[in-house]
Amino acid sequence: MPDRYGCLAACVALALGVMPVRAADVAAGKAKAELCIGCHGENGISQMEKVPSLAGQHDQVIQWQLVYFRAGARKNEQMQPLVEQLSNEDIRNLGAYYASLPPPKPAPDDDPDLSKKGAQAAAGRRCASCHLDTYAGTKAAARLAGQREDYLLKALHDYKSGARKGGGPAAMAEVAFPLHEEEITALAHYLAHLQ
């Protein structure tokens, strides 16, 4: 019979962060990411409509989204069967791999007036308070700068409709719900063209 006190001590130590956590393995993440290339693109840069680029995304952002998909909190027909197979270690490795890649380079801005409106909408909605002034994101707040415009449109619509929940106390739903269609279009355009 296992020593109950030894197990309890190990659980407490783990909960307090005393036990060492195995570092993420970028090479293992790259190998596991072979499953992701079909949709999220070579080196994490998506060429598929309404599918986000993952390159340069923060480690925790990738990890949280994979956990949400695996738990069923986020639903997607293509993602569900893939994430069900992922271990916690796989998720840590994928997060480290995508975070190690350079973010996509945005296309030249073909509508600076629309970007100006998007910048005003972003300032009015205080987007930088979570995603930083550069919209490069931090920790569990996604990098928005240079993301696919069509994906940003989809994400904002999903948050607005309640089809997708945000992190924290539903922060994104609260921000997106009052947005007008013109603001959504301008925000997506502005963010997609940021370096």
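A residue counts as buried when its relative accessible area is under 20%, as exposed when that area is over 50%, and as partly exposed in between, with a 1.4 Å probe and protein chains only.

The structure before you is a predicted model, in which local features need pLDDT of at least 70 and side-chain atom pairs count only at pLDDT 80 or more, while totals for chains, interfaces and linings use all residues. Residues are numbered from 1 along each chain as its sequence is written, and side-chain values use heavy atoms, with hydrogens and water left out.

Let me begin with the whole chain. The protein chain contains 11 helices and 0 strands; here helices (H or I, at least four residues) and strands (E, at least two) are DSSP runs, numbered from the N terminus. In sequence order the pattern is therefore α-α-α-α-α-α-α-α-α-α-α. The chain has 195 residues, of which 37% count as buried. Contact means heavy atoms within 4.5 Å. Among contacts between residues at least 6 apart in sequence, 68% join residues at least 24 apart.

I turn now to helix H4, residues 59-71. Which residues of H4 are buried? They are Val-61, Ile-62, Gln-65, Leu-66 and Phe-69. Seen down the axis of H4, these buried residues fall within an arc of 125°, so they line one face of the helix; the arc is that of the directions from the helix axis to the C-beta atoms. The length of H4 can also be checked. The expected span of a helix is 1.5 Å times one less than its number of residues. After H4 comes Gly-72, with a positive phi near 90°.

What do the buried residues of H4 pack against? Their partners are helix H5 (79-83) and helix H6 (88-100). H6 has 13 residues and reaches 19 Å from its first C-alpha to its last, close to the 18 Å expected. Its buried residues are Asp-90, Ile-91, Asn-93, Leu-94, Gly-95, Ala-96, Tyr-97 and Tyr-98. These residues pack against helix H2 (26-32) and H4.

The next element is helix H7, residues 112-124. Its 13 residues should span 18 Å, and its end C-alpha atoms are 18 Å apart, which agrees. In H7, Ser-115, Gly-118, Ala-121 and Ala-122 are buried. They cover an arc of only 115° around the axis, which puts them on the same side of H7. The face turned away from that buried side carries the exposed residues Pro-112, Asp-113, Lys-116, Lys-117, Gln-120, Ala-123 and Gly-124.

The cover over the buried residues of H7 includes helix H11 (181-192). How do the axes of H7 and H11 cross? They come within 7 Å and cross at roughly 105°. Axes here are lines fitted to C-alpha atoms, for helices over the stretch in contact, and angles run from 0 to 180 degrees between N-to-C directions. Angles under 35 degrees count as roughly parallel, over 145 as roughly antiparallel, 65 to 115 as roughly perpendicular and the rest as oblique. H7 and H11 are therefore roughly perpendicular to each other.

In this contact, Leu-114, Ser-115, Lys-117, Gly-118, Ala-119, Ala-121 and Ala-122 of H7 meet Glu-183, Thr-185, Ala-186, Leu-187, His-189 and Tyr-190 of H11. By class, the contact has 7 nonpolar, 4 polar and 2 charged residues. Ala, Val, Leu, Ile, Met, Phe, Trp, Tyr, Cys and Pro count as nonpolar, Asp, Glu, Lys and Arg as charged, and the others, Gly among them, as polar.

Finally, I consider the loops. Most residues other than glycine have a negative phi. Arg-126, which is not a glycine, has a positive phi of about 55°. Arg-126 lies in the loop between H7 and H8, and at 63% relative accessibility it counts as exposed. Lys-139, also a residue other than glycine, has a positive phi near 45°. Lys-139 is placed in the loop between H8 and H9 and counts as exposed at 58% relative accessibility.

Ala-140 lies in the loop between helix H8 (128-131) and helix H9 (149-161). With a relative accessible area of 47%, Ala-140 is partly exposed. Which residues does Ala-140 contact, leaving aside its neighbours within four places in sequence? They are Gln-60, Val-61 and Trp-64. Val-61, as we saw, is one of the buried residues of H4. The C-alpha atoms of Ala-140 and Gln-57, which are 83 residues apart along the chain, are separated by 9.5 Å.
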